[in-house]
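Work through the exercises below with the model open. Try each task before reading its solution.

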Protein chains: 2
Amino acid sequence: TNPMVTPLLTDLYQFSMAYAYWKAGKHLDRAVFDLYFRKSPFAGEFTVFGGLEECIRFIANFKFKEEEINFLRTALPTCEDGFFEYLSSIDCSDVEVYAIPEGSAVFPKVPLMIIEGPVAVVQLLETPFLSLVNYASLVTTNAARHRLVAGKPKNLLEFGLRRAQGPDGGISASRYSYMGGFDATSNVAAGRLFGIPIRGTHSHAFVSSFLGLDEIIDKALSSSDGSNKCEDFVSLVENWLVKIQGASSLRGSFGETNQSELAAFTSYALAFPNSFLALVDTYDVMRSGVPNFCAVALALNDMGYKAVGIRLDSGDLAYLSIETRKFFCAIEKEFGVVGFGKTNITASNDLNEETIDALNKQGHEVDSFGIGTYLVTCYAQAALGCVFKLVEINKQPRIKLSEDVTKVYMSVPISIQSEKI
Amino acid sequence: TNPMVTPLLTDLYQFSMAYAYWKAGKHLDRAVFDLYFRKSPFAGEFTVFGGLEECIRFIANFKFKEEEINFLRTALPTCEDGFFEYLSSIDCSDVEVYAIPEGSAVFPKVPLMIIEGPVAVVQLLETPFLSLVNYASLVTTNAARHRLVAGKPKNLLEFGLRRAQGPDGGISASRYSYMGGFDATSNVAAGRLFGIPIRGTHSHAFVSSFLGLDEIIDKALSSSDGSNKCEDFVSLVENWLVKIQGASSLRGSFGETNQSELAAFTSYALAFPNSFLALVDTYDVMRSGVPNFCAVALALNDMGYKAVGIRLDSGDLAYLSIETRKFFCAIEKEFGVVGFGKTNITASNDLNEETIDALNKQGHEVDSFGIGTYLVTCYAQAALGCVFKLVEINKQPRIKLSEDVTKVYMSVPISIQSEKI
């Protein structure tokens, strides 16, 4: 999928070894390598295997371009011409890959993939395969763990593009978070590439970019069914705000709300009356954001639209979500808007597995979690240590016996392990 | 540089905000955003700014393709046609960027970049800029910290491709590690793209793929100056091993060495007589790897070649490097090979800032450090929290005042801060 994944995306030593094998006439020796990890990440009991499809794609297209060979000549100037002719000729038609299906739960010291073929060629696959599997499996596992702790009914949104390891780190993160059980991503490019649902509304900057309601020039809004038109939706919102301020069940919980925020919400609702979701913590969640949201949502309701909900991006998410839910329920009761109490609450401030678990223990009213940094960087453990080990050459078993007993690995025959692809 | 960096590599909310601005007729409002971070990473006092060149490249080429607009139409089906026509028309010719030079040491709450332009357009730059700057600055800083702790004379090699966040995570890691003060990378693609020196020799698999010396068929090696040819380099190596085993100053430190390892080293030396560097810890560093290396190195010396050195990838690196250095010095003295005592020692097992610092405190004889996982994943802190904040719109100051005082940020006028690009 990524045009930067080429046979040169590998460590130089794969080429120097290939040359040494070639010089020794050993390059066609039939070798078997196992790809496995020694320990599940995040102090957990399982890993979810990701990246296989990209590995298959990689070997299906494995072929050196002329300019790549030319670069290798400059990188390895003492190698003989015959070696570069050999490199030009190779593909992976003689490589067999056996693997556990992508998305499976996998365990330490059991091979995820077994790769058999000419030793020089299979060695060239080591770094790309590890690069494609390590992070993919790590973030898929991380996403699955977030799903487990959040529970099935919650909506999980991946928001990590800006904190990932550069552009493709972000695209991989979105893809594998979805595989690990997330519902959607904010990453438009990933949505386009992989068909992942994409989500997003507005940021704090949008809210603070408005100075007041008089900035809104086009105030008209047609009703949902097109049957009528409100010429001054801004006044409708203002009227609702006055009604909420005067409601006996809400009296005293807030006074004047922030007008720049109200203008931003109203403006956003005019642009997206069908999918109004407001970020309510730019100024003060309970004294401004939530009442402003409700005023706009009730005005939309008058026009036949159902507001989606709010997003909290700071503060005590358990407390604020519970207070917001109470407010929504009071609105439902006070103004007889059926279902308003169930309006969606999204939370998104530096969330991770532990904070969601803590929220669950405290009790909360969050319906959707937007998770970024901790998900995509796998902050709790930033790397999965997949390795690629030679286990057999020319039918002879080969394994490096480490002095560290925790690293000792027993290979088992291919035939009983996994399906050939 | 990365073809995946397109105007779609952004969060969906940038587009929904752009539409809301456009609907409100505010999209051309002149806005100023600051890009800054709140805290230096790794509990440190500085950050090195990386990613600016890629940001400049991004805005220089910022233009939507027709198929990208078509995708956005499906993603935002309720938006009016006029908005997509507007998107098709925009570029960054009306955007001004002021920035601190890339590679500078930078500090919390001081803008690295100030971006001024039409609010809808600048907002579309937020996610790509953060994605290009956050990880770049983080890994550059991490590399610089490794350089500081290792000291100037040491050779620092980046070996992280297989543990990075997928392919482009690895390429970014190599590029910015080099900017942060590393000397070379193992990543061939990064070497090609950015002209970074590339390094690499062989892995454990290469060593264990050999069964014994009889596998070596072509045993001839011409001397460095081409004046003579050794028809049986294998025997020359074996003779040297016997001499080392019999040397009084080394007597008793080892017995029989591993023959598969000796075959691998000999084979590698035949392929790369000018740049022989051996990984010596496949079996036993002091009883097999180092003596085998020395036998091959002394045979090469007979033919006018100077061996480069050894690599240690496991065990107690301080102890093993010191013992290896003693062995090299004993060889120099015993056989009168001037300079042999200074043969390079590279270490590469899960190294990071702390382990290098600990090695320094213990004392060691390592000349080069190969650093992977901890460098590229920025394990100690996997994300830099750069943010992109609206500070001014239509000449009016705007800033979100957080309830968390540690987040409060004071913007200062552009003119005194940084150079316009």
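## Exercise 1: A serine in its surroundings

Leaving aside residues up to four places away in sequence, S288(A) touches T257(A), N258(A) and E261(A). The model is a predicted one.

**Task.** Decide whether S288(A) is buried or exposed, and find the side chain with which the side chain of S288(A) makes a polar contact.

**Solution.** 
1. S288(A) lies in helix α11 of chain A, residues 285–302.
2. Check its accessibility. The relative accessible area of S288(A) is 3%. The cut-off for buried is under 20%, so S288(A) is buried.
3. Look for the polar partner. The side chain of S288(A) makes a polar contact with the side chain of E261(A), at 2.7 Å. E261(A) is also among the residues that S288(A) touches.

## Exercise 2: Strand β1 of chain B

**Task.** Explain why β1(B) is described as largely enclosed. Then identify a strand that pairs with β1(B) in the antiparallel sense.

**Solution.** 
1. Count buried residues. Strand β1 of chain B spans residues 30–36, and six of its seven residues are buried, so the rest of the structure largely encloses it.
2. Take one pairing. β1(B) runs antiparallel to strand β5 of chain B (residues 113–118), and six bridges join them. In this pairing, D34(B) has I114(B) of β5(B) as its bridge partner.
3. Take another pairing. Strand β14 of chain B (residues 387–393) pairs with β1(B) over six bridges, again in the antiparallel sense. Here A31(B) is bridged to I393(B) of β14(B).

## Exercise 3: The interface of chains A and B

**Task.** Describe the contact between chain B and chain A. How much area do the two chains bury between them, and how many salt bridges cross the interface?

**Solution.** 
1. Count residues. Chain B gives 103 residues to the contact, and chain A gives 103 residues.
2. Read the area. About 8600 Å² is buried between the two chains, 62% of it on carbon and sulfur atoms. M4(B), R162(B) and Q165(B) supply 11% of the area that chain B buries against chain A, more than any other three residues.
3. Count salt bridges. Six are found across the interface. One of them joins the side chains of K26(A) and E215(B), at 2.8 Å from N to O.
4. Find the main element. Helix α1 of chain B (residues 12–23) gives 10 residues, the largest share of the side of chain B that touches chain A.
5. Sort by class. That side of chain B has 49 nonpolar, 33 polar and 21 charged residues.

Methods:
Residues numbered from 1 in each chain as written. Chains lettered and ligands numbered in written order. Predicted model: local features only at pLDDT ≥ 70, side-chain atom pairs only at ≥ 80, totals over all residues. Heavy atoms only, no water. Contact = heavy atoms within 4.5 Å. Buried area = accessible area lost by both parts, 1.4 Å probe. Salt bridge = Lys/Arg side-chain N within 4 Å of Asp/Glu carboxyl O. Helix = DSSP H or I, 4+ residues; strand = E, 2+ residues; numbered from the N terminus. Nonpolar A, V, L, I, M, F, W, Y, C, P; charged D, E, K, R; others polar. Buried < 20%, exposed > 50% of the residue type's maximum accessible area, 1.4 Å probe, protein only. Pairing = 2+ DSSP bridges. Polar contact = N/O pair within 3.5 Å; in protein donor to acceptor, adjacent residues only side chain to side chain.
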